[in-house]
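Open the model in your viewer and keep the selection panel at hand. We will go stop by stop.

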Amino acid sequence: MTALTVLRRALLLLGLPATLFAVWWYATADSTDFYVPPLSAILDAFGKVWTGDRLLSDVVPSLLRLTAGYLLAVVIGVGLGLLVGMRRAVRDVLEPVLELFRAIPPPVLVPVIMLFAGIGDTMKVLVIVSGCVWPILLNTVEGVRAVDEVLSDTCRSYGITGTARLRHLVLRGASPQIVTGMRQALSIGIILMVISEMFAASNGLGFTIVQFQRSFAIPEMWSGVLLLGILGFLLSLLFRFAENRALAWYHGLRRARRTP
Amino acid sequence: MLDVRNLQKIYTGRNREVEALRNLTFHIGAGELVCLVGPSGCGKTTLLKCMAGLLDPTSGQVLLEGKPVDGPPPGMAVVFQEYGRSLFAWMNVRDNVALPLRRKKLGKARERELVDHALEVVGLADAHEAYPWQLSGGMQQRVAIARAVAYEPKVLLMDEPFAAVDAQTRAELEDLIRELWRELGVTVLFVTHDIDEAVYLGQRTVILSKSPTVVQEDLTIDLPDERDQLHTRSSPRFAELRAHVYEQIQRAKYRSGDTDAGVVDRAPEPAKTRS
Amino acid sequence: MTRPATSTTVVGGSAGTGTGPGGAPARRRLPDRAVTPLRGLAGLAGLVAVLEALPHTGLVSADYLPPASETVRALWGLLAEQTFWTALGDTLTGWGLGLVISVVAGVAAGLVIGSVPVLRAVTASTIEFLRPIPSVALIPVAVLLYGADLRSKLLLVVYAAFWQVIVQVLAGIQDVDPVADDTARSYRLGTWGRLRHVMWPTALPYVMTGVRLAATVALILAVTAELVIGAPGLGQEIAVAQTSGAVPRVYALVLVTGLLGVAVNLAARAVERRALHWHQSVRTEVNA
């Protein structure tokens, strides 16, 4: 019985991916198309390219820049968001400006920031910060604004003010929205990590993949695309794991409201 | 203990003003349990918020032990109607009750003692670790009451706390309030729109007019101190008081600060309800 | 029962009482609805002032950040150029076409997968794997297959926007009230009837959210494709302006993309609000 359900779940989980993989494998097995090499060749290249020096010289720097830029954006976005969100007048004054900045497609900031910061690591981190900060900031503002009025009154009547209020009421109450902003920011961050390296760099994932493409190292290029895909997947998995821990109460609350 | 003097509250909106409270004066003595009842939309919540220091009155004042209230005073706890919104969804029951105590810096042991005791008297001794949204509505309101009890207030303000729970739970919670009041010797002001509740619970019932609100009647409830749902509610005196309050409320629907002042004099019309 | 505590909402709440304040003089105040946009305009004006003043203070070199007036002049110059309008048209074409394709494909696939439980179960893991793959990973593939072509742009746009739509459609169908579905079944509505009268109305607000998200993402990827691959459009214009050192022009073009983004947001939100209005009113009724 249980063994059967486990088997069923495994089949549901892995059935389609395995089928797709098999289709890709056999469809390209005898491929002579220069641009679409056999999957076996791509996997072969994957093992050779991404396990040795490149891991340290390209993958790690990319991820470090992403981490630095993303974390900086979280700190700045949440901090400013709290300041802006808690004062109605400040919010009214700044909101259109912030909406304008948020609406600028982040990749166009790459050439602008290159003017200031050249093409080094600083530029790339700044690009990631400047793209990731807006969704976090605006969602934080939104979350702070939506903090429940009754709960706010409750805090006041029990003398919960100042930093205690900020910590226990505002930050926690706004956390679902903050997390939404962080999720949007993560996918923007990955895009910017790759683009800033494609645009101007001497190392990094984006740089290497474009190099492969320009030198027509096709299986290697495909292996890079595969690696980017896996990275995107793993980062979103990591994010979901963290979210489920931090917002367990919120998901529980929503489930409880759904089933009266 | 608690004095309301010539209280007036005018809300200023986009381009008009609404006078919610016209002129309210009453007194609550130390250790009293007073109910406040009035027709729907008569400004009960506005009055309570002014008394809790959550809202500044336009004129007049509220005095707590002779001192004017100009912000939430220490020693006062409020229980709101919307239990679901007044509890921290991200904290378990225990932390919800303990949070207001942290500021008092009582020390870990005393804090634990207060929280344990409060949860026990409201009948939630085994729900410490649960989150509010895992509990029923009645139990959530018990958590809010436990939080107020643990805070050891001198005055407890309750804003229609049982309006959103079912009838059976409501009866249980009413008895819980009477029990707590007698054990703790706390002064309680209980706002309600339910006439039975207003008669059953208190020593006195203050009946309010519709908005702009004035005090319609200050009625002493001369029921015996020992009350229970079955006998008290079926006693002749209860029925009389109930009928009296009912009549007053019906009258209150057509009476307000305006009619008293002789500004508007109109025939009774169907009451307009306000949500 | 509760009185809202803020002055702005309380008037709306008590509008039905009829009894106005007795003899209280009705003071005319600037309505809040007028104050908020005024403050917003002040904020924008402040931004322009700061951008104008900053290069003059010497804190930032005017080579990197030209004064606002120069950016505006460059923008004015752009408006007179045929190439600018062509580039704008190219960007909008890539964006619009990509958006339409991904919305149609996303809604169709979402409805099919969502309404057949087996399909949903089988595809769940694959969708969860493919969705977070960054669209930009496909850039080299697009270049190889299509070069700096509209098709490259479309590949990136559609890959990114499609997931936004389908995920929302699936969430919408999952939100279908089982009672409503059972009611429809008991009245012997067929698959098509249930799809049309039960699933679609429930999913519609989600679809709208998906369209809004997709519209934003599509613009980002359209501009990215132009910037990185060199497909014709605003992004390519920015890259060209930057390499040729026409800094005010870069800023003017960035401003244009920002305004484009604002326009897309506003339009998408307006469309969404019409659908969400119905949705939220239903929701609050259920909660109360």
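Predicted model: local features only at pLDDT ≥ 70, side-chain atom pairs only at ≥ 80, totals over all residues.

Residues are numbered from 1 along each chain as its sequence is written, with chains lettered from A and ligands numbered from 1 in the order in which they are written.

**Stop 1: confidence.** The complex gets an ipTM of 0.86 and a pTM of 0.83 from the predictor. The chain C average is 80, and 83% of its residues score at least 70. Select residues 1-30 of chain C: pLDDT is below 50 there, yet the stretch has 64 contacts beyond near neighbours in sequence. A contact means C-beta atoms, placed from the backbone, within 7 Å. Now take residues 280-288 of chain C: pLDDT is under 50, with one contact beyond four places in sequence.

**Stop 2: Leu137(A).** Select helix α6 (residues 121-145) of chain A, which holds Leu137(A). Helices are DSSP runs of H or I, at least four residues; strands are runs of E, at least two; both are numbered from the N terminus. Is Leu137(A) buried or exposed? Leu137(A) is buried, because 28 other C-beta atoms lie within 10 Å. Buried takes 20 or more, exposed 12 or fewer, partly exposed in between, with C-beta atoms placed from the backbone. Its contacts beyond four places in sequence are Gly77(A), Leu80(A), Gly81(A) and Leu98(A). Leu80(A) is 57 residues away in sequence but 6.6 Å away, C-alpha to C-alpha.

**Stop 3: Leu64(B).** Show strand β4 (residues 59-64) of chain B, paired antiparallel with strand β1 (residues 2-12) of chain B over five bridges. Pairing requires at least two DSSP bridges. Leu64(B) is the bridge partner of Leu2(B) and also stands opposite Lys67(B) in β5(B). End at the hairpin of β4(B) and β5(B): two residues lie between them, and Glu65(B) in the turn has a positive phi of about 50°.

Conventions:
pLDDT = per-residue confidence, 0-100. Contact = placed C-beta atoms within 7 Å.
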